[in-house]
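This report concerns the fold and packing of one protein model. The sequence and structure are shown first.

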Amino acid sequence: MASKMLDPKTLTVLITGATSGFGAATARRFAQAGAKVIGTGRRQDRLDALKKELGANCHTLNFDVTDNAATIKALQSIPAEFQNINVVVANAGGAVGLEPAQEAKIEDWDQMIGMNVNGLVYTVRNTLPGMVARDEGHVVVISSVAANYSYPGGNVYGATKAFVTRFALNLRCDLLGKNVRVTSVEPGLAETEFSIVRFKGDKEKAAAVYKGVKPMTADDIAEQIFFVCTMPRHVNINRIE
């Protein structure tokens, strides 16, 4: 007898970096299916637009995930009807620069470590106890094929994403026997604002990355996140590449 997929209306989903790309697409996918969505980001205007688009089922939080104190304060401010978070999509992150290691700017490296490593662990550490206590949850981390396949200029970005994947697998060990799932989603080439950020606003350089190929879209990735989160509770997709 087939197990039933989870009803999205039973989900309260926290998504970091919900102001663009995978995060915004994921917020839309869950909200359209009837889930409650908490979208976080640093751009208030984008958060306001998201809230207006998604309506009463959406709550937004404006803070920087790389600041642990700000993360704690923001999570404590969540209204009662959104407090029982049972999906956390730790999506905030990105790449900055593509220079070889000997030419890279250390501030770019600091920024990537701050977003992709610190931001991730602060998000997870501050939401995990609640899910464990409620005996229901799912942590989805956004890694990358760059975690597994190296390329020139991917030095620190690839290393941070390797951390993301390994952190997810280690979380799975710690959560054995708890009703909390963990999934590492590892996209390849997808056209979002990712490359514009990486090349610091140079749209020509960003567009060249996708020349001659049909890249995935943010919606393609959001669909996979939605899929793993609505699988029956006893099913855990460890990694999806």
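## Basis

The model is predicted: local features need pLDDT of at least 70, side-chain atom pairs count only at pLDDT 80 or more, and totals for chains, interfaces and linings use all residues. Residues are numbered from 1 along each chain as its sequence is written, and side-chain values use heavy atoms, with hydrogens and water left out.

## Sheet

Helices (H or I, at least four residues) and strands (E, at least two) are DSSP runs numbered from the N terminus. Seven strands form an open sheet with parallel pairing, in the order S3-S2-S1-S4-S5-S6-S7; two strands pair if DSSP finds at least two bridges between them. S3 and strand S7 (239-240) each have a single partner strand and stand at the edges, so one side of each lacks a neighbour in the sheet.

Strand S6 (residues 180-185) and S7 run parallel and are joined by two bridges. Within this pair, Ser184 stands opposite Arg239 in S7. Helix H2 (residues 44-54) packs on the sheet, touching strand S2 (36-41) and S3, and its direction makes about 175° with that of S3. Contact means heavy atoms within 4.5 Å; axes are lines fitted to C-alpha atoms, for helices over the stretch in contact, and angles run from 0 to 180 degrees between N-to-C directions.

In H2, Leu47, Leu50 and Leu54 are buried (under 20% relative accessible area; exposed is over 50%, partly exposed in between, with a 1.4 Å probe and protein chains only). Down the axis of H2 these residues fall within an arc of 60°, so they line one face of the helix; the arc is that of the directions from the helix axis to the C-beta atoms. Asp45 and Lys52 are exposed on the other side of H2, and the cover of the buried residues includes H1, S2 and S3.

In helix H3 (residues 68-76), the buried residues are Thr71, Ala74 and Leu75. Their arc is within 95°, so they too line one face of their helix. The face turned away carries the exposed residues Ala69, Lys73 and Gln76.

## Nonpolar cores

A nonpolar core is a set of buried Ala, Val, Leu, Ile, Met, Phe, Trp, Tyr and Cys residues joined through side-chain atoms within 4.5 Å. In the largest, of 29 residues, Val13, Phe30, Val89, Val140 and Ile225 touch the most other members. Helix H8 (218-230) is among the contributing elements and gives the most, with seven residues. A second, separate core of 25 residues includes Leu14, Val88, Leu171 and Val182.
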